[in-house]
Amino acid sequence: MRTATYFFIFLNLSLALFEEPAVYPLPFLATSVLEVLCLLVFLGRLTHFAKVTLHNVFWKDTKNICIVVAVVLSLTDLAIYGVLRLYGVSAVRWSRIVRPIFLINFAESRQIRRAFRSIRNTLPEITYVFLLFMFSLLMFSLMALKLFGERNLQTAEGLPYFRNYLEIVFDLYVLVTAANSPDVMMPAFDFSSWYALFFIAFVIVNTYIFMSLFLAVVYNNYKKHLKVMPGGACD
């Protein structure tokens with residue numbers, strides 16, 4: 001039962017590769033039949049679980065309610081999408097986003113739920129570090145606008161350089177990953193080599209300090225929540 005459940009969960013998630021817009025497109029009828037088959041298996045598994053569980057206990061379990069809601073939404077969306085296709089109306093399968101619910105909420109997925117719960121509990125505790133990082137990014141972007149915005153610099157493609165604040169924020173955010181280094185700094189460096197100090201300071205503060213701090217906070221808090229079971233018991 002566990003192997004069959006995991007197989008159909010994997011099959012259900014894999015349908016995204018074959019549904020429009022798809023990497024390997026298959027006919028709508030083929031993907032629809034496979035999805036209905038997966039949903040019937042999920043309902044059968046849930047029905048089997050309900051037979052061996054007290055009625056009031058079964059419906060008090062949020063996991064079971066989530067699975068039922070996900071099945072109903074998927075079938076409703078599939079029916080609506082099929083009708084719209086018959087009339088030639090363009091539509092999007094919005095119910096795809098609920099498919100991971102099946103992976104998380106079945107009884108066999110206890111370890112996945114623990115990991116998901118640890119991630120959820122970790123997020124509020126890393127918010128402060130993330131806000132500090134965003135504040136640093138916004139301040140550096142404002143300084144870049146003041147330093148370079150009035151000098152009429154241009155990129156190698158002839159486009160305005162660091163004159164729009166939102167574009168500066170995005171370029172410096174990418175610079176944190178070093179994906180656009182050193183291209184993003186070359187127009188300023190060509191104008192004056194002293195401007196390299198601005199980018200060096202930005203990389204030191206945001207890439208080496210904030211990213212290391214962010215990683216440490218995420219790791220320590222996730223490890224702490226992963227060790228502690230619900231109710232305070234430890235593994």
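Mentor: Let us begin with the secondary structure of the chain, which comes to 9 helices and 0 strands, where helices (H or I, at least four residues) and strands (E, at least two) are DSSP runs numbered from the N terminus. This is a predicted model, in which local features need pLDDT of at least 70 and side-chain atom pairs count only at pLDDT 80 or more, while totals for chains, interfaces and linings use all residues. Residues are numbered from 1 along each chain as its sequence is written, and side-chain values use heavy atoms, with hydrogens and water left out.

Trainee: OK, and what share of the residues is buried?

Mentor: Buried residues make up 33% of the 235 residues in the chain, where buried means under 20% relative accessible area, exposed over 50%, and partly exposed in between (1.4 Å probe, protein chains only).

Trainee: Which residue would show me a buried position?

Mentor: Take Tyr-81, which has its place in helix 4 (residues 62-86) and is buried, with a relative accessible area of 8%. Leaving out residues up to four places away in sequence, Tyr-81 touches Glu-20, Phe-28, Ala-91, Val-92 and Arg-93, and a contact here means heavy atoms within 4.5 Å.

Trainee: And how far is Tyr-81 from Trp-94?

Mentor: Their C-alpha atoms are separated by 9.5 Å, and the two residues are 13 residues apart along the chain. For another pair, Phe-7 and Asp-77 are 70 residues apart in sequence and 23 Å apart in space, C-alpha to C-alpha. Phe-7 lies in helix 1 (residues 2-14) and counts as partly exposed, at 48% relative accessibility.

Trainee: Switching topic, where is the cis peptide bond?

Mentor: The bond from Ser-181 to Pro-182 is cis, with omega near 0°, and Pro-182 lies in the loop between helix 7 and helix 8 (186-191). Most residues other than glycine have a negative phi, and most peptide bonds are trans.

Trainee: Which residues have a positive phi, then?

Mentor: Asn-152 has a phi near 55°, and Ala-178 has one of about 65° although it is not a glycine. Asn-152 sits in the loop between helix 6 (110-148) and helix 7 and counts as exposed, at 58% relative accessibility. Ala-178 is in the loop between helix 7 and helix 8 and counts as partly exposed, at 47%.

Trainee: How confident is the predictor overall, and where does pLDDT stay under 50?

Mentor: The mean pLDDT (the predictor's confidence in each residue, from 0 to 100) is 86, and 95% of the residues reach 70 or more. Over residues 231-235, pLDDT stays under 50, and the model has 8 contacts for them beyond four places in sequence. Where pLDDT is low, the predicted coordinates should not be read in detail.
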